Amino acid sequence: MIVWLNGAFGAGKTATARELVDFMPGSTFYDPELVGNGLRMMLPRKRLEQVSDYQDLPSWRRLVVDTGAALIAEVGGPLVVAMTVLRQEYRDEIFGGFAARRIPVRHVLLHTDETILRERIAGRGEIPGDPDANESVRQWCLAQLAPYRAALPWLTADAHVVDTTGITPRQTAQLIADAVREGAGSCDIVQTPEPTAETLAAGVLLFDEEDRVLLVDPTYKPGWEFPGGVVEPGEPPMCAGVREVTEELGVRLDEPLRLLVADWERPQPPGYGGLRLLFDGGKLSSAAARDVLLPGSELRGWRFVTESEAAALLPPVRLSRLRWALRAREQGRPLYLEAGVPTG
């Protein structure tokens, strides 16, 4: 198990985490910031200059999961993590990675009144003898208060909240330990095992009366997606698409699906690639759309979007696949793609 302490800079996460280890026998303090420091030393300067925060590095997010899983395999006990994560898609990616490894996460938000936060930040002095560096750190922490305020709606909905205003880190740790023992902060996120070989996946495009396409927002990975999923062994791909739509949206498709694109996705370590099929599931009536029911552990939301609106939601490879699928639908014939590009 992982107990992830989130919150603004100055909320007392690290001090509380070290105290929490005392209240959780066999637990180990895990600091993902060390992963970031290692990447700063190893990555080329040119790559580091492309991001403002190491959390924006996909390698950091993956290594946080891999390192945490390795630590649990090594020490056996729970890990206590102190790390601010304010972007919900990064939370999805990291917690989803742990879920794929069958490692449960308890998400705890340490919330502190902003006046107190500012006082704590003003008193920070992490680099002895270097007042300029300390001031730079303080200014950086202050700049994160606005993003923290913006993230509070999803943070408070996702995590168990502990108000640390007026209490010590040890008192906070005791509250967290008691809450975790009672199951608080459990992240009800789908456990999607990582593939170990090439996979066959079937997606389904559903349209509204304005010909907008339906996209879903998974909880366990960044970026929006089409309804669908991996084809199970021995399962016909069309049947897999119908099954996934029923499981994900509560919508039953009675008519046969029409293939739009077959896209070969090249292996890109750590991914294995495989064949991705997109089917036309037809139009979803307004009445059927009102009855859509999402599995909370797997999907956060859904919406109908135009092709241009999809460009802001889908990762590039999925966007290319969608665009060619829409062209195939217009032309009335399926297209074969390799890495998102028509061939043959």
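Q: Hi! In which sense do strand S1 and strand S3 pair, and over how many bridges?
A: Strand S1 (residues 2–7) and strand S3 (residues 79–82) pair in the parallel sense, over four bridges. Two strands pair if DSSP finds at least two bridges between them. Strands (E, at least two residues) and helices (H or I, at least four) are DSSP runs, numbered from the N terminus. This is a predicted model, where local features need pLDDT of at least 70 and side-chain atom pairs count only at pLDDT 80 or more, while totals for chains, interfaces and linings use all residues. Residues are numbered from 1 along each chain as its sequence is written, and side-chain values use heavy atoms, with hydrogens and water left out.

Q: Nice. Which residue stands opposite Ile2 in S3?
A: That is Leu79.

Q: In what order do the five strands of the open sheet run?
A: The order is S2-S3-S1-S4-S5, with parallel pairing. Strand S2 (28–30) and strand S5 (160–163) stand at the edges with a single partner strand each, so one side of each has no neighbour in the sheet. Direction ignored, neighbouring strands here are turned by 25 degrees against each other on average.

Q: And which strands does H1 touch when it packs on the sheet?
A: H1 touches S1, S2, S3 and strand S4 (105–111), where contact means heavy atoms within 4.5 Å. The direction of H1 makes about 155 degrees with that of S1. For such angles, axes are lines fitted to C-alpha atoms, for helices over the stretch in contact, and the angles run from 0 to 180 degrees between N-to-C directions.

Q: At what angle do H1 and H9 pack?
A: Helix H1 (residues 13–23) and helix H9 (residues 169–181) pack at about 55 degrees, with their axes 8 Å apart. That makes H1 oblique to H9; under 35 degrees counts as roughly parallel, over 145 as roughly antiparallel, 65 to 115 as roughly perpendicular, and the rest as oblique.

Q: Is Thr16 buried or exposed?
A: Thr16 is buried, at 1% relative accessibility. Buried means under 20% relative accessible area, exposed over 50% and partly exposed in between, with a 1.4 Å probe and protein chains only. Leaving aside neighbours within four places in sequence, Thr16 is in contact with Leu5, Leu110, Pro169, Thr172, Ala173 and Ile176.

Q: Where does Thr164 sit?
A: Thr164 is in the loop between S5 and H9, and it is buried, with a relative accessible area of 1%. Not counting residues up to four places away in sequence, Thr164 touches Leu110 and Thr172, among others.

Q: New topic: in which sense do S12 and S13 pair?
A: S12 and strand S13 (residues 341–342) pair in the antiparallel sense over two bridges, and Leu337 stands opposite Pro342 in S13. The hairpin of S12 and S13 has two residues between the strands, and Ala339 takes a positive phi near 55 degrees there.
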